[in-house]
Amino acid sequence: MIRRATAVALMLPVALAAQRPTTAADVQRVLFPLADDSMAGRMTGTPGEAKAARFIAGAMQHIGLTPLGDSGYFQRVPTAVIPLAQPRRGRTERVVLAGSFADRDTFPVERRRNSVNVVGLLDGSDPRLKDEVILVDAHFDHVGVGMAINGDSIYNGADDDASGVTAVLEIARQLAAGPRPKRSVLFVATTGEEAGLLGTRWFIDHPAVPLARIVANLEIEMIARPDSLAGGAGKAWLTGYERSTMGDELAAAGIPIGPDRRPEQRFFERSDNIAFARRGIVAHTLSTYNLHADYHQPSDDVAHVDLDHMAAVINAAARATRLLADGPKPAWKPGGQPAAPAARP
Ligand SMILES: [Zn+2]
């Protein structure tokens with residue numbers, strides 16, 4: 001048996017290693033493969049999507065998350081493609097969500113596709129709170145290969161939204177390495193966002209945990225470049241900030257996340273979070289999107305990424321996630337909750 005002082009000295013470096021924040025090198029390790037040309041723009045229903053999903057599942061396994069898909073980390077999502085009457089920006093078909101796998105198989109075989117969400121859970125430590133779940137998500141699909149611009153036809157989506165997926169995986173790594181959060185944290189990389197929130201719509205109808213147990217959703221979208229309106233490098237904002245107590249709670253904890261300065265863009269309603277918000281879950285998207293001209297262009301690539309900014313925002317998002325998992329549950333402010341979705345036919 002070693003003496004206590006020695007034990008503390010031996011344990012200290014381990015504890016520091018466990019708390020290790022995200023660095024520019026971490027960002028590069030995750031983001032660059034996801035935004036590589038070999039992923040072919042991660043279009044829903046393509047081999048590029050499948051390759052990206054395997055990369056994300058491998059990272060979740062390495063981190064030690066519990067697989068919560070219906071096929072390991074993969075939650076299978078039935079999709080199909082429909083030819084476009086007119087080619088649009090070099091694309092000849094669009095992808096749709098089938099109502100079920102049986103429904104998908106009513107499409108001609110050459111139009112059937114296999115898509116997936118990637119789902120992993122970090123179990124909470126508090127016997128009472130662990131049944132409550134914080135959902136941290138980002139969409140990993142992008143718009144694939146299309147019309148060439150300046151000789152480049154691969155729409156890499158480094159910012160949109162390989163940056164958000166990088167955040168999801170790095171937040172998972174940090175939380176898994178540190179003290180266990182009280183609430184459970186569900187990490188999801190969704191597919192089909194660009195095609196109309198397909199993966200999230202499937203997830204909501206087939207949730208990996210009952211939706212009633214999800215007490216908050218933090219989505220991460222487009223954090224690869226600083227936004228001067230948000231205060232520049234390392235500063236982020238929440239869509240629909242004023243709608244709930246989430247932003248105030250994060251600000252009170254000194255986390256550098258503020259309100260969205262471009263409410264006219266209606267970002268709150270433009271990503272996966274809105275589908276959860278319409279189900280009553282306090283759901284916001286964290287972003288630093290500065291309306292750059294490379295949005296949905298082949299030039300949204302790693303050459304334009306600010307690694308240090310991203311690392312700082314990811315560390316803020318990790319603190320935010322820990323606060324959501326350990327602190328008070330956020331709530332809608334009066335009038336803040338968006339209307340429930342219209343019944344689907
Ligand atoms: Zn996006």
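Here is a short chat about the predicted model shown above.

Biologist: What kind of model is this, and how are residues numbered?
Modeller: It is a predicted model: local features need pLDDT of at least 70, side-chain atom pairs count only at pLDDT 80 or more, and totals for chains, interfaces and linings use all residues. Residues are numbered from 1 along each chain as its sequence is written.

Biologist: How many helices and strands does the protein have?
Modeller: There are 9 helices and 12 strands. Helices (H or I, at least four residues) and strands (E, at least two) are DSSP runs, numbered from the N terminus. The radius of gyration is 20 Å, close to the 20 Å that the globule rule gives for 345 residues, so the protein is as compact as a globular protein of that length. That radius is taken over C-alpha atoms, and the rule is 2.2 Å times the number of residues to the power 0.38.

Biologist: What share of the residues is buried?
Modeller: Of the 345 residues, 50% count as buried. Buried means 20 or more other C-beta atoms within 10 Å of the residue's own, exposed means 12 or fewer, and partly exposed is in between; C-beta atoms are placed from the backbone.

Biologist: Which residues sit on which side?
Modeller: S184, L186, V188 and T190 are on one side, with V185, F187 and A189 on the other. In a regular strand the side chains alternate between the two faces of the sheet.

Biologist: Which way does β4 run against β8, parallel or antiparallel?
Modeller: Antiparallel, with 5 bridges joining β4 (residues 112–122) to β8. Two strands pair if DSSP finds at least two bridges between them. L121 stands opposite L186 in β8.

Biologist: And β5, parallel or antiparallel?
Modeller: Parallel. 7 bridges join β5 (residues 133–139) to β8. The partner of I134 in β8 is V185.

Biologist: What does α6 pack against?
Modeller: Its buried residues pack against β2 (74–88), β3 (91–97), β4, β8 and α8 (273–277). Those buried residues of α6 (residues 198–205) are L198, G199, T200, W202 and F203. Contact means that two C-beta atoms, placed from the backbone, lie within 7 Å.

Biologist: Switching topic. At what angle do α2 and α9 cross?
Modeller: Roughly 95°, and the axes of α2 (residues 24–34) and α9 (residues 307–326) come within 8 Å. Axes are lines fitted to C-alpha atoms, for helices over the stretch in contact, and angles run from 0 to 180 degrees between N-to-C directions.

Biologist: Which residues meet there?
Modeller: A24, D26, V27 and Q28 in α2 meet L307, D308, M310 and A311 in α9.

Biologist: Where does R225 lie?
Modeller: In the loop between β9 (214–220) and β10 (236–238). R225 is buried, with 20 other C-beta atoms within 10 Å. Not counting residues up to four places away in sequence, R225 touches D159, T288, N290, H292, H304, D306 and H309.

Biologist: What is the phi of M222?
Modeller: Near 60°, a positive value in a residue other than glycine. M222 is also in the loop between β9 and β10. M222 counts as buried, with 26 C-beta neighbours inside 10 Å.

Biologist: Which residues does the cis peptide bond join?
Modeller: D160 and D161, with omega about -5°. D161 lies in helix α5 (residues 158–177).
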